[in-house]
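User: Hello! Could you walk me through this model, one question at a time?

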Amino acid sequence: MPDQDLLTRSAAAENKPAEQGRTLPANLEAEAAFLGAVLIDNRVLEELPIELRAGHFFAPIHGRIFERVLTLVDRQMVVTPVTLKPYFEGDEALAELGGTGYLAQLTADGQGLLAPRELAKQIYDLALLRELVGVGRSLVEGALDTSEEVEPQRQIEQAEARLFEVAEGATSEKAGVAFRSASMEAIRLVEAAMNSGGKLSGKTTGLETIDNKTAGLHNSDLVILAGRPGMGKSSLAMNIAFNCAEEHLKFQRDGGPHNYGAPAAFFSLEMSADQLATRILAEQAEISSEALRSGSLKRDEFQKLSYAAQKLAELPLYIDDTPALSISALRTRARRLKRRHDIGLIVVDYLQLLQGSGRASDNRVNEISEISRGLKTLAKELQVPVIALSQLSRAVEQREDKRPMLSDLRESGSIEQDADMVWFIFRADYYHESLRPDMPSETSSEADKEKYRTWEDRYLELRNKATLIVAKQRHGSTGNVPLLFQSEFTKFTSPNMKDYSDYGFE
């Protein structure tokens, strides 16, 4: 076994102590024993319980040795002290330990072969403890430093972000993903799509027509769902969050070849949690939301409501109705939900109600840019799809054709740029309703009666029909998706027909 005193002094020269009188947590003997095991039998690397990296070693020389071992193994070379020797002949830190002879010392007694998995786990755990020490030190130093503007809330958010990285086993420098790993993930997604009948490679929206068009909601994607007031964008977003969470619950109970759902988080900056719960109960029990609010229920309707509430008691849907959230606070809360409940979908209702950091608040366009970038970053960081609702400008109302366009997004530049998909919800019956002529009486002229009949016939054609306009899709085509909307239950469903064009959708 290598000289531990010499190794400790070498490691200490390149690592600062955690605090005066104390050293950072590490086990140099475990690192040396593990490296010895790897050099004796390279197959040890194939059986590791965790993803060990060079940065997890306390002694920098051990990290460099391990990094070189990984490189050579990846080239399908057999790695031994002899094959490593040419790469370390000029290493100053290794020279202090006796030169390349140190590599042979690592394999001298072979103790590491007795428990290489346990040694790797201990190296990893101690590295996380050192990360925690770094987080704590930064937090203390930031709290004691009053030379800058005092912003304790931001310091807390930054500390939580660092803690999330530690919990995920992340380091300050994220390594690039090998193409092999990325391609294997791509194959897994294709396989999932095949298992679903060629429709889904992401998480389900619960609406077949949308899933057919988009192949589901994909991790790290930012989806912007926009529409004018009254179109039902909040209802659609809640329907999707509910459907995704319900699919996950069904998988937990019944199993299956693939889980197309996930626990969902719904950040509602406009409506309260109880209002959203009322919507969900009305939708599932198929009882009018208005009847629920007024309490004018029949006994059988109340029984249906109670049954729906019991059925949904275990639904993994988490609602946060904190008003006036900043984008950094939302990311902090999302990380917490990810850590506690492993959420797989985030919905934000809605984007324009979020606040920026404060630095850009004097310019609304810059603030919206910061928010949209923050949501995209959150989707990538947590590896979940994020659906953010957005307002449309009043320009829609000034046009004869009320169908939204990308240019109708408020502060649209950054939102359109950051989004992987942009959806518009459009209901022609909403606008047709505003054109309703006066109800004709018996004394009305035949022209007035004909005008009303024409309006009514058209209204019956459009009633309960909606169109989801996919205006941008980074991974696929754009186009229109037909939906049905039951306004009394605030519920969107997919039409059940083969030829959408025969269904009279706008």
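Predicted model: local features only at pLDDT ≥ 70, side-chain atom pairs only at ≥ 80, totals over all residues.

User: In which strand does K491 lie, and is K491 buried or exposed?

Analyst: K491 lies in strand 9. Buried means under 20% relative accessible area, exposed over 50%, and partly exposed in between (1.4 Å probe, protein chains only). Because its relative accessibility is 17%, K491 counts as buried.

User: Which residues does K491 touch, not counting residues up to four places away in sequence?

Analyst: A contact here means heavy atoms within 4.5 Å. Leaving out residues up to four places away in sequence, K491 touches N239, E283, E286, L484, F485 and Q486.

User: Which residue stands opposite K491?

Analyst: Two strands pair if DSSP finds at least two bridges between them. Strand 8 and strand 9 (residues 491–493) run antiparallel, joined by three bridges, and they form a hairpin with four residues between them. In the turn, T490 has a positive phi of about 50 degrees. Opposite K491 in strand 9 stands Q486.

User: How many residues lie between strand 7 and strand 8 in their hairpin?

Analyst: Strand 7 (residues 465–473) pairs with strand 8 (residues 479–486) in the antiparallel sense over six bridges. Within this pairing, A466 is opposite L483. The number of residues between the two strands of the hairpin is five.

User: What is the strand order of the sheet, and which strands are at its edges?

Analyst: Nine strands form an open sheet with mixed pairing, in the order 3-2-4-5-1-6-7-8-9. Each edge strand pairs on one side only, and these are strand 3 (317–320) and strand 9. Neighbouring strands of this sheet are turned against each other, direction ignored, by an average of 25 degrees. To return to the names you asked for, the edges are strand 3 and strand 9.

User: How many residues of strand 4 are buried?

Analyst: Strand 4 has cover on both faces, with L345, V347 and D349 buried on one side and I346 and V348 on the other. Strand 4 pairs in the parallel sense with strand 2 over five bridges and with strand 5 (residues 386–390) over three bridges. The bridge partner of F267 is V348, while V347 stands opposite I387. The buried count for strand 4 is five of its five residues.

User: At what angle to strand 2 does helix 15 run?

Analyst: Helix 15 (residues 327–341) lies across strand 2 (264–268), strand 3 and strand 4 (345–349). Axes are lines fitted to C-alpha atoms, for helices over the stretch in contact, and angles run from 0 to 180 degrees between N-to-C directions. On that basis, helix 15 runs to strand 2 at about 155 degrees.

User: Why does the span of helix 3 agree with its 15 residues?

Analyst: The expected span of a helix is 1.5 Å times one less than its number of residues. Helix 3 (residues 60–74) has 15 residues and should therefore span 21 Å. The distance between its end C-alpha atoms agrees, at 21 Å.

Note on methods
Residues numbered from 1 in each chain as written. Heavy atoms only, no water.
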